[in-house]
Amino acid sequence: MAQASVIPAAPILEIKKLKTYFFLEKSTVRAVEGVDLTLPHKTTLGLVGESGCGKSVTAMSVMRLIQSPPGKIVEGEIHLHRKQTGETVDIAQLDPRGPEMREIRGGDIAIIFQEPMMSLNPLYTVGDQIAEAVQAHQKIGRKAALDRALEMLDKVQISASKQRLHEYPHQLSGGMRQRVMIALALSCNPSILIADEPTTALDVTVQAQILDLMNQLQADFGASIILITHNLGVVSQMAMQVAVMYLGKIVEFAGTRELFHNPLHPYTVGLLNSVPVLGRKGQKSLVSIKGMVPVPTEIIPGCAFAPRCPRAMEICHEQQPVLRAVRPDHQAACWLYGESSLSVL
Ligand code: SF4
C-alpha cells in the first residue's frame with residue numbers, strides 16, 4: 001500500500017541542474033544530464049528507472065565518489081544542509097578527497113549498496129569496521145567505539161550480536177551482511193541515507209525484513225532516505241515521494257500515492273504496466289516497454305523517450321520537454337502536458 005505524500009519540509013539536500021559526464025577516448029557518456037531534485041528532512045524519496053538511467057551516478061555524484069578521470073561533475077549544484085554546523089554547503093564545489101568531504105561522507109550522508117561486500121572489508125571483523133567508522137567521525141576511544149558497534153548491531157536486530165562483533169563478513173549470510181551495512185551506515189547518525197538497490201540481491205523474505213528495518217530505523221534516527229531502485233513494489237511500500245529518471249533526467253516527480261494512481265509520463269506508465277504492483281487497481285496484463293535505454297553518448301534534440309514512446313508526436317522529436325508542474329505537487333517533462341495541451345487532463 002502506497003504511503004501518503006507529505007507536505008515537503010525544508011530541504012536537507014537540493015540538487016540543481018546537475019550534470020555528470022564520463023569522458024571516454026572516443027565519446028562522452030552524459031550519465032546525468034541536468035537533474036533537479038529536492039530531498040526534504042525525514043522523507044523517503046524513491047528514485048526509479050531502468051538500469052542505465054543515471055540513478056546510481058546521481059548518488060555517487062552526491063557522495064563525490066565519481067572516479068575522475070574519466071568521470072566529472074561538469075555543471076550544477078548540490079546543496080547540503082549540515083546538521084553539525086547548521087550551514088549549507090555546495091558539495092559539488094568541495095574537493096572529493098578533502099577533509100570536509102570526508103567528514104560529510106558517513107557523518108552527514110551514508111550510502112549502502114546492493115552488494116554489501118562492496119563496502120565491507122573482508123579482512124576486518126564486523127566490530128572493527130563499525131568502530132573504525134565511528135572513530136573517524138567522533139573523538140571517542142576504542143572501547144566506546146566498540147560499544148557503539150554492538151549497540152548498532154542490536155539496533156539492526158542481528159542475532160548473537162556480541163559474537164557477530166568478532167566475525168568476518170564472509171561468516172555472515174547475505175541478509176546479515178546487509179544488516180551490518182545498515183549498522184555501519186547509520187553508526188555516525190547521518191542525516192541522509194542513500195540506499196542503492198539495497199534488497200535486490202536478497203530473497204523475498206529477507207528483502208521484506210530489511211525494508212521493515214529501514215522504515216523503523218528511519219523513524220528512530222530521523223534520517224532522510226534516497227531509495228534507488230528499479231522495483232516499483234519496493235517504492236510503493238517505502239517512499240513518500242517518487243522521482244522517475246530516464247536517460248540522465250528526472251521525467252516525473254510526485255507523491256507516491258499520486259504517482260501510482262495518476263502517472264502522467266508515458267515512461268512511468270510503461271514502468272507501471274510492466275510490473276505487477278500490489279493494490280494497483282485496473283492493472284489487467286503486463287506489457288513491457290519496447291526497446292532499451294540508449295547509451296547516452298549523443299545529444300538528443302527532442303524527448304529522449306520518443307523512440308520508445310507509444311504517444312510520441314512531431315514536436316517530441318524536435319524539442320526537449322522540461323519538467324513542469326502539471327498538477328499541484330506533480331511534475332512531468334512531457335509534451336502531452338505542454339502549455340497548449342492542458343486540455344488532455
Ligand atoms: Fe512521449 Fe512526447 Fe511525452 Fe516524450 S514528450 S514522453 S515522446 S509524448
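**Loops, a helix pair and a ligand site**

Lys42 lies in the loop that connects strand E2, residues 28-40, with strand E3, residues 44-48. In this predicted model, the backbone angle phi of Lys42 is near 50 degrees, which is a positive value in a residue other than glycine. The points below take up another loop, then a pair of helices, and finally the surroundings of the ligand.

**The loop between H1 and E4**

- Pro69 is found in the loop that runs between helix H1, residues 55-62, and strand E4, residues 71-81, and the peptide bond joining Ser68 to Pro69 is cis, with omega at about -15 degrees.
- Pro70 is also placed in the loop between H1 and E4, and the bond leading from Pro69 to Pro70 is cis, with an omega value near 10 degrees.

**The packing of H4 and H7**

- Two packed helices are described by the angle between their axes together with the distance between those axes.
- For helix H4, residues 142-155, and helix H7, residues 204-221, the angle is about 125 degrees and the axes are 11 Å apart.
- Because angles over 145 degrees count as roughly antiparallel and those from 65 to 115 as roughly perpendicular, H4 and H7 are described as oblique to each other.
- On the H4 side, Arg148, Met152 and Lys155 take part in the contact, and they meet Leu213, Leu217 and Phe221 of H7.
- Sorted by class, this contact of H4 with H7 contains four nonpolar and two charged residues, with no polar ones.

**The ligand and its shell**

- The ligand sits in the second largest cavity of the model.
- Around the ligand there are 13 residues, of which the closest are Cys303, Cys309, Cys316, Cys334 and Trp335.
- The shell around the ligand is made up of eleven nonpolar residues, one polar residue and one charged residue.

Methods
Residues numbered from 1 in each chain as written. Predicted model: local features only at pLDDT ≥ 70, side-chain atom pairs only at ≥ 80, totals over all residues. Heavy atoms only, no water. Axes fitted to C-alpha atoms, helices over the stretch in contact; angles between N-to-C directions. Helix = DSSP H or I, 4+ residues; strand = E, 2+ residues; numbered from the N terminus. Parallel < 35°, antiparallel > 145°, perpendicular 65-115°, else oblique. Contact = heavy atoms within 4.5 Å. Nonpolar A, V, L, I, M, F, W, Y, C, P; charged D, E, K, R; others polar. Near = heavy atom within 4 Å. 1 Å grid on protein atoms, 1.4 Å probe; cavity = no way out; pocket = protein on both sides within 12 Å on 5 of 7 lines; lining within 4 Å. Sits in = over half its atoms within 2 Å of the grid points.
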